[in-house]
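Good morning, I have one structure to go through today. Please look at the sequence and the model first.

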Amino acid sequence: MGIRKKTNKNPPVLSHEFVIQNHADIVSCVAMVFLLGLMFEVTSKFAVLFITVQYNVTISTNGPEETAVNHFHHGIKDLATTFFYMLVAIIMHAIIQEYVLDKINRKKHFSKTKHSKFNESGQLSAFYLFSFGWGASILLSEKLLSNPVTLWEGYPHTLMPFQLKFYFICQLGYWLHAMPELYFQKTKKEDISRRLGYIFLYLVHIGGAYLLNLNRLGLVLLVLHYFVELLFHVSRLVYFSNESRQTGFTIWAVLFVLGRLLTLSLSVLTVGFGLATSDNQGFDLAAGNFNVIFVRITVLAAICLTQAFMMWKFINFQLRRWREHAQAQTLKKKPVQPSKSKSKKDKTNGVNGVSSHAADSPRARKEKSS
């Protein structure tokens, strides 16, 4: 169900403030319309397009006991499913915000800058933790880690198990929901370009891996990347609660560099060597085969440029932290010396004080009267 923020203000209906305060309730009502559509035969066929995963293919397995296994491929109807789970992501965002993050914010009394960063890291930590755990379970069940050759062997991987396809649908839905959340959360203008930048990169890479049937490689790289990002945002949450705790950033810095190297290595191994030496070469849109040199170079270039951009941002971040740390250490070591003018003034006041005291003594008054 939707979440309504408690407020004493009653903005006009359908105004910007009204939509922002009640966006979770509005989205919940829209999602409920699709769910209610399943109850009626006339609308069920339409509602199913949004709620359930489409393009089911049943495959019979050979063995002592023949069993049927369901697999899925992608198509244009996935846009409707992605839209519905984008609505679900907005509702979950509102639940985490009100029942977890807002309560912590009220206890800690963060500044406006920390408040925004804390909300961002809190939301992303929950998403990265969920996505990492779900993706790792898929990797183990599909045995992709124990046999890396399966990343390119048998390409194109047009058929996916239910969990893998649903994982990509939810990933696309989440990062699409992040764009309207910029409006719902009243994001500052200086932060909008930064957030839109990484949202765009996520959508391009996840959508590219999904459409080009590189879903296995995409899953491995996402799980690796999400683990590193999870550590960063958890470290930032710990830092906001106690600024002396910065050990997590050190561990994250090491894993970040290793993650970039491992991402490049897996990408070059899969796309540059595995697919390049595959027997199934050529471009066939109907069969989902994009194993041509132009696509391979484009994919590798996109991955390499993204990793280089992330390393550049990482280096700037570390240099800024080291500069701030050096300035803090310099201020601590700088001794506090009294000013010369103040000491001179104290001496003058001391002499004048003695003279005035001597002038007011009984002996001085007696000599003066005589």
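**Arg 236 and the cores**

I start with a side-chain pair: the side chain of Arg 236 makes a polar contact with that of Ser 121, at 2.6 Å. A polar contact is a pair of N or O atoms within 3.5 Å; within protein, one must be able to donate a hydrogen and the other to accept it, and residues adjacent in sequence count only if both atoms are side-chain atoms.

This is a predicted model, where local features need pLDDT of at least 70 and side-chain atom pairs count only at pLDDT 80 or more, while totals for chains, interfaces and linings use all residues. Residues are numbered from 1 along each chain as its sequence is written, and side-chain values use heavy atoms, with hydrogens and water left out.

Back to Arg 236, which lies in helix H8, residues 215–241; helices are DSSP runs of H or I, at least four residues, numbered from the N terminus. Its side chain also makes a polar contact with the side chain of Glu 120, at 3.4 Å. Is Arg 236 buried or exposed? Arg 236 is buried, because its relative accessible area is 14% and buried means under 20% (exposed is over 50%, partly exposed in between; 1.4 Å probe, protein chains only).

Now the cores. A nonpolar core is a set of buried Ala, Val, Leu, Ile, Met, Phe, Trp, Tyr and Cys residues joined through side-chain atoms within 4.5 Å. The largest has 60 residues, and Tyr 128 and Leu 219 are among those touching the most other members. Helix H6, residues 162–184, gives the largest share of this core, eleven residues. Apart from it lies another core of nine residues, including Phe 232 and Phe 249.

Conventions:
Helix = DSSP H or I, 4+ residues; strand = E, 2+ residues; numbered from the N terminus.
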